[in-house]
Amino acid sequence: MSLRFANRFDGKVALLTGSAAANKDELMGFGGATVWRFLEEGGKAVVITDVQDEVGEKSAQQLRDAGHDAIYLHLDVTDEDEWKSVVEKTIDHFGRLDILVNIAGILDPKSILDIETEVWRKTMEISTVGIFLGTRAVADSMGESGGGSIINLASMAAKQGSGSYGSAYSFSRGGMLNFTMSSALQLSHLGIRVNTIMPGWVHTPFTDYLYSDPEQSKYRVDRVPLKRWGKPEDIAAGILFLASEDASYMTGAELLMDGGVSAGSVRPANPRSKD
Ligand SMILES: NC(=O)c1ccc[n+]([C@@H]2O[C@H](COP(=O)([O-])OP(=O)(O)OC[C@H]3O[C@@H](n4cnc5c(N)ncnc54)[C@H](O)[C@@H]3O)[C@@H](O)[C@H]2O)c1
C-alpha cells in the first residue's frame, strides 16, 4: 500500500542535485523517487541537476511527457559559478525555489593506506564543499520565496568508522551532519529549515554493483533487522516528510532510515530462542 498526500506540495518548486536517475523505465536513485512523488502530490515544478547530462535530460523529458513541469540543468556541485547559474535559471523558469535536496555523491573505493589523494579530496569536496556552495547559493532565493527546506543526504556511515574502503565517504558524511546544524542555526531567520537523512543500504544506481553480487547482497541483508535492501521510495518518503509542513518544527536534525542496522550489532532471528 502506498500512502499519498494530495496537494501536500501545491505551488512548490524543488531543486535536486545528483538526481539524473529519475527515469521510471530504469533503476531510479533517491532523486528520481522523490521528484515523481513530489509532483504527484501537487508540486509545481522540479529542477533535476547532475553531471550525467544525457541521463538527466532523458529523465526530465519523461517527466514532461507525463504532464509535469521539469527541467534538467548541468550542475557539478563543486562549481560555484554553476550553482549561481542554476539558481538563476530556476527563478527565471519557475519564479521561486522552496526545496533543495543535496544528493550528489561518490564513494572512495580503497583503504586509507591505498587511496589516491586526489580521489580522497574529490570525495570530500563533493559532499562537504558541494553542500556548502549549494546552501549559500539558494538561501536568498528561498528566503524571498517565504522560506523553505534543505535536505542533505548523508549516510548511516556518517557515525561509523570504515574498516576498509569508504573512509573519506564516512568522514565527509559526518561533516554533513555538522554542517546541517550550522546551516539550521544560520538560515532560520530566513524561514529555512535544514535537516539530514542518513540512509542505510538502498538499491539505486549508486549500489547496484553490490545489490547484483549475491555474496555482497547477502552480507548486507543479513545485517539489516528488517531483512531487505531499502528502496529509493523509502528514502523519498523521508525527504518529502522533511520538505513538508509536517516537519515544520524540525531543523538541524537527523533522520536515520537504515532498516535498523545502526540499532546494534546483535540481531538474533528470534530473541526468545536459546540458539
Ligand atoms: N544508495 C545507498 O545505499 C546510499 C546510502 C547512503 C547514502 N547514499 C548517498 O545518497 C546519495 C544518492 O545516491 P543514490 O543512491 O540516489 O544514487 P545515484 O547514483 O542515483 O545518485 C548519485 C548521483 O550523484 C551524481 N554526482 C556525482 N558527482 C557529482 C558532482 N560532482 N556533481 C553533481 N552530481 C554528482 C552522480 O552522477 C549520480 O547521479 C549519494 O550521495 C550517496 O552517497 C546512498
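In which hand, left or right, does H4 pass H5? Before you look, keep in mind that this is a predicted model: local features need pLDDT of at least 70, side-chain atom pairs count only at pLDDT 80 or more, and totals for chains, interfaces and linings use all residues. Residues are numbered from 1 along each chain as its sequence is written.

Select residues 117-144 (helix H4) and 167-187 (helix H5): their axes lie 9 Å apart, at an angle of about 15°. That makes H4 roughly parallel to H5 (angles under 35 degrees count as such). The crossing is right-handed, meaning that the near helix is turned clockwise from the far one by less than a right angle. Helices here are DSSP runs of H or I, at least four residues, and strands are E runs of at least two, numbered from the N terminus. Axes are lines fitted to C-alpha atoms, for helices over the stretch in contact, and angles run from 0 to 180 degrees between N-to-C directions.

Now show the sheet. Seven strands run in the order E3-E2-E1-E4-E5-E6-E7, open and with parallel pairing (strands pair if DSSP finds at least two bridges between them). At the edges sit E3 (70-74) and E7 (254-257), each pairing on one side only. Neighbouring strands are turned by 20° on average, direction ignored.

Zoom in on E6 (residues 192-199), which pairs with E7 in the parallel sense over four bridges. Pick Met-198 and you'll find its bridge partner in E7, Leu-256.

Definitions and conventions
Parallel < 35°, antiparallel > 145°, perpendicular 65-115°, else oblique.
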